[in-house]
Amino acid sequence: MLYGAAASGSVAVEAALTLLNMPFDLVEGQTWTSDAARERVAGHNALRQVPTLVLPGGEVLTETGAILLHLADAHPRARLSPAPGDAARGQFLRWMFFVSSAIYALHWIGPDVGRIGAPAGARDAVIDAVHKRIAFCWRTMDAQLNPRRFLLGDELTVLDLYVAVVSRFRPWRARFHAEAPRMTPAIRRVDEEPRLRALWERRFPGG
Ligand SMILES: N[C@@H](CCC(=O)N[C@@H](CS)C(=O)NCC(=O)O)C(=O)O
């Protein structure tokens with residue numbers, strides 16, 4: 001059972017499950033706008049966030065990056081992560097954690113700047129500073145990766161899914177392409193991936 005929402009981090013998990021041909025039940029709810037959605041997930045995740053994945057045995061997984069890593073590593077034949085020992089593993093882990101901690105975490109401030117103690121009147125300045133920092137982080141990643149067909153080489157990994165989704169958090173996609181021109185062709189390739197096109201259209205309607 002996956003607690004998720006359109007235009008949220010859960011779509012990266014949905015993409016991984018799609019590539020793995022693993023059917024799942026989805027409990028839909030925009031946790032950042034709806035108390036009802038927050039309450040639905042609260043029993044499994046005290047932070048009341050999506051994605052929250054409840055495995056068939058009842059184990060709960062949260063944190064998009066951790067869920068993606070877990071799914072990829074648990075299904076090595078799908079080759080969605082460089083295996084431990086693979087030369088690309090270090091950079092894979094580095095950028096998975098970077099997206100999670102340096103970029104995704106900043107989006108938490110967007111719905112309510114009061115979350116970091118800022119007065120409502122400071123909203124525009126705070127949001128502007130947050131987006132400047134996110135831009136710097138995407139530029140940093142763009143300068144240090146050497147993408148080929150995909151971000152880490154010629155095979156699609158869950159890092160590609162993660163970046164394809166977090167870079168779509170509104171209002172980011174157009175700016176992402178401007179800030180990260182070297183990553184853009186790989187991410188466009190993820191957008192065009194035939195097995196995922198229907199998912200992107202359904203879960204990020206309007207782009
Ligand atoms: N650290 C979590 C963050 C998850 C997160 O921020 N989810 C957002 C949707 S993209 C959410 O549920 N926000 C509602 C809230 O924080 O109140 C992760 O990496 O998955």
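Me: Where does the ligand sit?

Reply: Keeping in mind that this is a predicted model, the ligand sits in the largest pocket.

Me: And which residues are around the ligand?

Reply: The residues around the ligand are Ser8, Gly9, Thr31, Trp32, Gln49, Val50, Pro51, Glu63, Thr64, Tyr104, Trp108 and Arg115.

Me: Why does the ligand lie between domain 1 and domain 2?

Reply: Domain 1, which covers 2–77, and domain 2, which covers 85–195, both give residues to the shell around the ligand, so the ligand lies between them.

Me: What about arginine 115, how far is a polar side-chain atom of it from an oxygen atom of the ligand?

Reply: That distance is 2.7 Å for arginine 115. For glutamine 49, an N or O atom in the side chain is 2.9 Å from a ligand oxygen, while for tryptophan 108 the corresponding distance is 3.4 Å.

Me: How much of the ligand's area does the protein bury?

Reply: Taken alone, the ligand exposes 510 Å², and the protein buries 87% of that.

Me: Switching topic, how many cavities of 30 Å³ or more turn up in the whole structure?

Reply: The search finds one cavity of 30 Å³ or more, and about 30 Å³ of space lies in the largest cavity.

Me: Which residues line the largest cavity?

Reply: Its lining includes Tyr3, Gly4, Val27, Glu28, Ala37 and Arg40. Thr31 and Val50 also line the largest cavity, and both are among the residues around the ligand.

Technical notes. Residues are numbered from 1 along each chain as its sequence is written. This is a predicted model: local features need pLDDT of at least 70, side-chain atom pairs count only at pLDDT 80 or more; totals for chains, interfaces and linings use all residues. Side-chain values use heavy atoms; hydrogens and water are left out. A residue is near a molecule or strand if one of its heavy atoms lies within 4 Å of it. A polar contact is a pair of N or O atoms within 3.5 Å; within protein, one must be able to donate a hydrogen and the other to accept it, and residues adjacent in sequence count only if both atoms are side-chain atoms. Accessible areas come from the Shrake-Rupley method with a 1.4 Å probe; for residues, only the protein chains shown count as cover. On a 1 Å grid over the protein atoms alone, a cavity is a set of points where a 1.4 Å probe fits but cannot get out, and a pocket is an open set with protein on both sides within 12 Å along at least five of seven lines; lining residues have an atom within 4 Å of a point. A molecule sits in a cavity or pocket if more than half of its atoms lie within 2 Å of its grid points. Domain bounds come from an automatic or database domain assignment. Grid points are joined across faces, edges and corners, and a volume is the space filled by probe spheres set on the points.
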